[in-house]
Amino acid sequence: MPGVDDDAIRNTGGQVDDLAMAMIDAAYDREADCRDQICDALFDLGKKRPALVLSSAYSYLKKHNKLQTGHRVVLLQCMERIIKETLSELEPPLAVDVIKQAAMELTVSKEVMPEWQTAASGVLVSLGARFCDEVMDEMLQRFQPGILPHFFVIQTIGNLATSNVYGMVPHLTAVLGTMLPMLGMAKHENMRWVFSSAISKFSEAIIDYCANTDKAPDPSVSKERFEQEIGSAFDVLFNSWLHITKEMKLRVAIVEAIGNMCHLMARDKLEEQLPKILQVILGLYKKHPEPIHVTQGLCSVLDAVCIEGNTVLEPNLDTVLGFLFPQIINPPDYKNPQSIKNHNEVLRCLAIIARSFSGKLTGILLSKLESGNEKMKIGMLTVFKHLINAATESMQDKQEVVVSGLKMMLSEQNNKLKKVFAQVVIAMAHHGYLELEGGQQMIEFIIKQSALKNDPPGKKSPDPEYVSNQALRTMCDHVLQLLTTTVEDMEHVLWPYLLELIVPEQYTEAQGVVCKCLSHLATKKRKEQTEDYEIDFETHANIPKPEALIARLMVLAGRPQNGRNRGIHVLTLMQGLVPNLNENLVELWDTVIPKLIQYLEDM
């Protein structure tokens with residue numbers, strides 16, 4: 001069945017009501033393909049006439065009490081899709097009718113019937129994005145003190161807190177007040193799971209609300225308002241449920257909730273409980289084959305305690321690092337998304353730790369980099385790259401220490417390590433590290449790799465992660481070009497410093513890329529007549545004198561195919577640089593060089 005267009009609706013005139021009802025009646029066709037087509041057509045009609053379709057579906061569900069569950073599910077799912085598309089158009093009376101019907105669908109069966117109740121919950125949550133108070137009125141009627149509520153009532157309230165933070169947070173004081181005494185009544189794992197999940201979502205909503213009070217309806221709401229309730233919930237989840245459950249799904253939900261609750265607990269209680277919290281969470285690494293959920297919980301706890309230079313973590317810092325470093329040293333399984341996610345979350349933990357312990361962490365990383373094996377060194381360089389990129393503020397006053405400490409990598413012979421270090425150099429360039437003393441040595445390291453000769457012919461390495469000279473050379477060519485053309489602050493680091501590296505014989509293989517980068521800078525500066533274009537060869541004593549540069553560039557241009565077709569880049573540099581080399585050559589080179597470049601381009 002094709003989608004319903006505007007013409008079809010207009011042409012049916014008064015029959016459109018019958019059309020909608022016919023599709024609603026046929027929506028649970030035996031054939032799955034036909035069922036999908038009917039639902040899509042109903043959705044298309046609903047986007048254009050939401051009041052008609054939603055009121056018809058509501059009436060149909062209300063009238064047919066004994067309708068097959070599958071049919072009810074299909075209609076509820078279709079209603080949710082329409083509501084999400086047309087929420088702003090709905091009239092409040094219709095919304096209230098649909099909310100009451102969906103609430104009835106949610107709880108009419110005391111047993112958990114996931115497909116049906118999930119569909120009903122989806123309708124309530126989607127309506128709650130605009131009609132939060134109306135949805136909560138229905139939920140609170142089914143959420144009475146002293147009576148264990150339906151599983152899906154709790155789940156719906158939790159999901160509402162995620163989907164409509166500003167609408168839900170004002171309700172949470174009352175919700176938590178009713179919920180906390182219920183926790184002791186929850187004896188089954190599934191009920192404990194849904195309570196833990198909801199409390200986690202409540203905590204996240206409160207954190208989000210308080211972080212954005214400028215947009216919130218009540219700016220006076222603060223985290224402190226919820227300290228007592230969250231502290232009581234923590235006592236049950238952490239001190240009771242977590243210790244007695246062997247169910248992995250419940251443990252994960254509790255750890256996630258604890259991570260979020262830590263942001264809302266009274267500071268003295270959090271600091272008092274922190275050693276126990278860390279001990280329990282770190283202990284779960286041994287019990288869980290998939291560490292991502294444990295790491296996420298740990299990350300949230302660290303985020304709550306490593307604030308404003310707070311050093312309360314210090315007595316436990318080495319223990320925490322002892323669990324994080326092995327996960328960095330062992331590279332992630334790139335075929336497993338969860339493994340990659342965990343690797344990134346471990347790096348995030350270390351960036352959070354750097355807020356309070358950047359000095360100590362930098363020292364530990366440099367020590368391990370100096371004494372470690374290949375895997376350890378790759379791991380530590382990976383951490384440095386992440387801290388430089390993601391913990392910019394925390395690492396600001398450690399930049400000189402980092403540049404100085406990483407000089408140990410300049411003489412590295414292992415291509416795998418040089419590849420990772422080149423990535424660290426890119427990160428340092430983007431964040432101002434290379435403007436410090438020692439930064440130019442990092443640039444020289446990149447050029448050394450661009451000057452590598454091909455691997456000698458013969459047997460290939462059995463290491464699947466082997467990095468050939470060719471691969472490293474190509475990467476470093478790209479790195480130097482990237483730094484020259486995209487990192488604005490690198491200009492005064494590279495100019496005129498790169499001219500020091502034109503003449504030395506050991507860099508002959510790299511002259512293609514060196515001249516390409518220099519020609520970009522020289523041509524731009526000559527054209528714009530920038531203040532730093534003119535080179536004082538007395539001040540820059542390490543730059544070869546003009547005569548030596550002219551001779552070297554002539555030799556390089558004489559073999560234009562060498563050095564990865566360097567000829568055009570050498571000639572372009574000669575033209576861009578000529579006023580600095582010899583005023584008498586300017587007119588000649590400006591005339592001749594473009595013709596030579598054209599000749600090479602046509603070859």
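This is a predicted model: local features need pLDDT of at least 70, side-chain atom pairs count only at pLDDT 80 or more; totals for chains, interfaces and linings use all residues.
The domain assignment of the chain gives domain 1, covering 15-118, and domain 2, covering 488-602. Their C-alpha centres are 72 Å apart. UniProt, in an unreviewed entry, lists residues 265-602 as "domain: MROH2B-like HEAT-repeats". In the model, residues 265-602 are 68% helix and 0% strand. The end C-alpha atoms of that stretch are 72 Å apart.

Two packed helices are described by the angle between their axes and the distance between the axes. For helix α28 (residues 567-581) and helix α29 (residues 586-602), the angle is about 170° and the axes are 9 Å apart. Angles over 145 degrees count as roughly antiparallel, and α28 and α29 are therefore roughly antiparallel to each other. On the α28 side, the contact is made by G567, I568, L571, T572, M574, Q575, V578, P579 and L581. On the α29 side, V586, W589, D590, I593, P594, L596, I597, L600 and E601 take part. By class, this contact of α28 with α29 has 13 nonpolar, 3 polar and 2 charged residues.

Two loops hold the backbone details. Most residues other than glycine have a negative phi, and most peptide bonds are trans. The peptide bond from W495 to P496, however, is cis, with omega near 0°. P496 is in the loop between α24 (491-494) and α25 (511-528). Q529, in the loop between α25 and α26 (546-558), has a positive phi, near 50°, although the residue is not glycine. Q529 is also exposed, with a relative accessible area of 56%.

Conventions:
Residues are numbered from 1 along each chain as its sequence is written. Side-chain values use heavy atoms; hydrogens and water are left out. Axes are lines fitted to C-alpha atoms, for helices over the stretch in contact, and angles run from 0 to 180 degrees between N-to-C directions. Helices (H or I, at least four residues) and strands (E, at least two) are DSSP runs, numbered from the N terminus. Angles under 35 degrees count as roughly parallel, over 145 as roughly antiparallel, 65 to 115 as roughly perpendicular and the rest as oblique. Contact means heavy atoms within 4.5 Å. Ala, Val, Leu, Ile, Met, Phe, Trp, Tyr, Cys and Pro count as nonpolar, Asp, Glu, Lys and Arg as charged, and the others, Gly among them, as polar. Domain bounds come from an automatic or database domain assignment. UniProt positions are given in the numbering used here, feature names are shortened, and annotations may be inferred rather than shown by experiment. Buried means under 20% relative accessible area, exposed over 50%, partly exposed in between (1.4 Å probe, protein chains only).
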